[in-house]
Amino acid sequence: ILYIMEENKMAKYLKQELINAVGMGYGELSLKGKNRGKFEQALKSRIGKILKKYDAKFYMDMSKLYVLVNKENNTDVIESMRKIFGINSLTPSIMIESTVEDIKREVLDIAINAYEEGARNFKVEVSRRNKKFEIGSMDFARELGGHILVNSSFENVKMKNPDILINIDIREKTYIFAEKIRTYGGLPLGSAGKGMSLISGGIDSPVASFMMAKRGMKVKYVTFHSFPFTSKQALEKIKELVEILSVYNDKSRLYSINILKIQQVINEKTNKELATILTRRVMMRLAERLAIENDHMALVTGESLGQVASQTLGGLTCTNASVETLPVFRPLIGMDKLEIMDIAREIGTYEKSIEPHEDTCVIFAPKNPVTNPKIEYVLREESKIENYDELLEEIYNDKEYFNIG
């Protein structure tokens, strides 16, 4: 599942150095009704923060939001905006005055450049939002098409799949563009509350964190390790993954908790075939407490149904039973590994995720884990750990954190 489409071949026909405005399509934000203003404000705040270093400015034109950019920065601005959730599409545009003469001049320049770049047919589409403009959309499109045919080397208009489609959006100002860039969509970051993501050094959990951020959730992270059985390098790898995710999720905090003490007790006191499930329950309990103390409203995991022995229906049921208050979101639950890997490549976490690292979940992992555990059996084994709550308290109080991004 890839969320950003390949750049349109028409992009080269609109000279990059002429782009001075970027229009945005909202996607599902347009369906928010009376709450739309709140979401729009969250989106503007996020865009303003990301584009602050480029001195970009907002411009509202007949209910559509544009970002005005310095021409020398437009490539960087567009690339940054592609990664902002809440935007469904971008239209890099030339903004000009809404006069017939200005529009004809710019459209002809674009057409001539397109022909020099190899285009041999074209189409013009006009959207006239400003009804004060004296010519109707269809009539003006025909007039512009004729203007191009008379004053350029073009000989053909092609209504379906033209080499270049020149779009003219007439508002208070006029915006001319030749491509629409599809972006991630989703909801503005933070508009859906806050969650705590359990992140490891693998492929899945960074993707799960990205997916929930895409739905508007501001994410903090918690990782579990078994130092000295796992190395400091493994923790550094997870920090780097959180750094990559900060492009989408903004600056965030990573908590690190060493659970080796209770893993050793689980290995000594309980049925070894249940070690992975019992360890996962420890992680979920600690993560829930951490989330509640941070006023976060949900846990996020990278589990996918049936992917490993602990992610069967029985395993997930036993893991869920350790969480008392918060919902557990598993955005990857119905995806297969190839889909998850595709998203990891798209968002930039894949290469880091596949670097070798020690995984806490495989420390003391059984050779033959139970694939369909029963909750009553798991609770019975867990009760064999006499100082369970005291151990969790000691482990929790020894946590550390890092601010990243």
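## Overall build

Helices (H or I, at least four residues) and strands (E, at least two) are DSSP runs, numbered from the N terminus. By that rule the chain of this predicted model holds 13 helices and 14 strands. Residues are numbered from 1 along each chain as its sequence is written, and side-chain values use heavy atoms, with hydrogens and water left out. Because the model is predicted, local features need pLDDT of at least 70 and side-chain atom pairs count only at pLDDT 80 or more, while totals for chains, interfaces and linings use all residues.

The C-alpha atoms fill a box of roughly 90 × 35 × 35 Å along the principal axes. Of the 405 residues, 53% count as buried, where buried means under 20% relative accessible area, exposed over 50%, and partly exposed in between (1.4 Å probe, protein chains only).

Leaving aside neighbours within four places in sequence, H296 is in contact (heavy atoms within 4.5 Å) with K194, G195, M196, K220, A291 and L326. The side chain of H296 also reaches the backbone oxygen of N294 at 2.9 Å.

## L149 in its helix

L149 belongs to helix 4, which covers residues 137-151. With a relative accessible area of 33%, L149 is classed as partly exposed.

Terms used. Polar contact = N/O pair within 3.5 Å; in protein donor to acceptor, adjacent residues only side chain to side chain.
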